[in-house]
Amino acid sequence: MDDRTFNFSYQEFYLIGFTDLKDYRQYLFLPFFVIFAFTLFANSIIILVIVKESKLHSPMYILILFIAALGFIQPIFLVPRMLISFLFGKNMIYKDECLVQMFCLHMAGCFQSTILIGMAVDRFFAIVFPLQYHDYVNFKTSLIFCLSLFFRNLLCVVAMVGLIGPLYFCKSNVIYHCVCEHTSVVNLACGDVSKNYMAGTIAFSLITSDCVFIICSYIVIFVIIFRSPSSDSRHKAINTCSTHLMVMALAFLSVVVVFVGYRVPTIPRDFRVLGTLSYLLLPNCFNPVIYGIRTKEIRVQIVKYLSSNKVESY
């Protein structure tokens with residue numbers, strides 16, 4: 001049936017995720033507020049340390065800076081409204097606001113994937129072609145690489161969100177979720193939504209291809225590492241790469257959990273909501289911890305920065 005045959009469409013939605021918990025729903029405010037506050041604090045520390053310390057202005061640390069900046073900004077589009085919903089039960093969101101939130105969240109997810117690719121490429125040239133590293137990894141090549149992936153991501157997300165705009169939402173305006181997630185919103189639409197599901201599948205395929213590219217890159221990297229005659233260089237390279245792999249595994253595993261959760265009908269809907277929130281929040285929360293603990297240069301500067309602030313406070 002043509003979408004034009006529908007003459008009514010809801011212009012506001014209600015995000016009612018976790019309402020199956022009934023009176024216990026309001027208690028979710030505390031854990032999510034703690035996660036939100038810690039995420040902002042931890043990422044701000046990473047940002048300040050890298051910006052202030054000139055020794056950390058190499059490409060690898062700039063990429064970590066981008067990860068931290070993304071981890072600081074993304075929760076701001078998500079958590080405050082969700083906390084208000086938990087505490088006061090205000091669940092209404094206008095359609096246009098919902099689409100803006102969807103665009104920001106999905107764009108942030110694609111941008112995170114781009115940064116992880118950048119880290120893999122940086123380590124690939126640093127370890128496989130150490131003598132030519134600065135020839136390959138410079139401002140011009142980095143700019144071309146980042147812009148090409150940025151426009152790829154922008155085109156994909158604009159298509160996803162743009163295809164939702166013309167839809168008519170006459171089934172319901174109640175979304176059992178805490179955010180305007182693509183599949184949850186599309187499920188409320190009347191008429192043919194096959195293009196919308198295809199756009200979502202293409203977006204997932206792009207992230208999957210990014211993951212495959214990263215895995216292949218690190219396979220080559222580890223083959224070169226284990227062939228290295230220097231044990232010190234091998235240990236340092238393994239430590240750096242394993243840190244990146246931990247961050248990547250956390251991000252991509254969360255994406256897989258969300259994608260599978262929406263395609264297995266027997267999974268309880270609260271677990272689907274929790275899976276999406278884990279994908280959106282946990283990487284941003286744990287990434288600065290992983291980098292702060294496992295990256296020696298950042299760890300030393302964080303201790304130095306916090307110690308100097310403690311002395312100044314006295």
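**Group meeting talk: loop, salt bridges, pocket and patch**

Let me begin with Lys22, which counts as exposed at 68% relative accessibility, where exposed means over 50% relative accessible area, buried under 20% and partly exposed in between, with a 1.4 Å probe and protein chains only. Please keep in mind that this is a predicted model, in which local features need pLDDT of at least 70 and side-chain atom pairs count only at pLDDT 80 or more, while totals for chains, interfaces and linings use all residues. Residues are numbered from 1 along each chain as its sequence is written, and side-chain values use heavy atoms, with hydrogens and water left out.

Lys22 lies in the loop between β1 and α1, and its phi is near 55 degrees, a positive value in a residue other than glycine. The loop between β1 (12–15) and α1 (29–52) also holds Phe18, whose phi, near 70 degrees, is positive too, but Phe18 is buried, with a relative accessible area of 6%. Most residues other than glycine have a negative phi.

Turning to charged pairs, the whole structure has four salt bridges, each being a side-chain nitrogen of Lys or Arg within 4 Å of a carboxyl oxygen of Asp or Glu. One of them joins Arg152 to Asp210, with the closest N and O atoms 2.9 Å apart. Because Arg152 lies in helix α5 and Asp210 in helix α7 (residues 194–227), this pair ties together parts that are 58 residues apart in sequence. Arg152 is partly exposed at 24% relative accessibility, whereas Asp210, at 3%, is buried. Another salt bridge is formed by Glu97 and Arg81, whose closest N and O atoms are 2.5 Å apart.

What is the volume of the second largest pocket? About 470 Å³ of space lies there, a pocket being an open set of points on a 1 Å grid where a 1.4 Å probe fits, with protein on both sides within 12 Å along at least five of seven lines, and lining residues having an atom within 4 Å of a point. The lining has 20 residues, and Pro59, Val137, Asn138, Ser142 and Cys146 lie nearest the centre. Helix α5 gives the most to this lining, with seven residues.

Finally, Phe139, Leu143, Leu147, Phe150 and Phe151 make a nonpolar surface patch of about 520 Å², where patch residues have over 30% relative accessible area and no salt bridge, and nonpolar side chains are joined within 5 Å. Of these residues, Phe151 is found in helix α5.

Key:
Grid points are joined across faces, edges and corners, and a volume is the space filled by probe spheres set on the points. Helices (H or I, at least four residues) and strands (E, at least two) are DSSP runs, numbered from the N terminus. Patches are made of residues with over 30% relative accessible area and no salt bridge: like charges are joined within 9 Å, nonpolar side chains (Val, Leu, Ile, Met, Phe, Trp, Tyr) within 5 Å. Accessible areas come from the Shrake-Rupley method with a 1.4 Å probe; for residues, only the protein chains shown count as cover.
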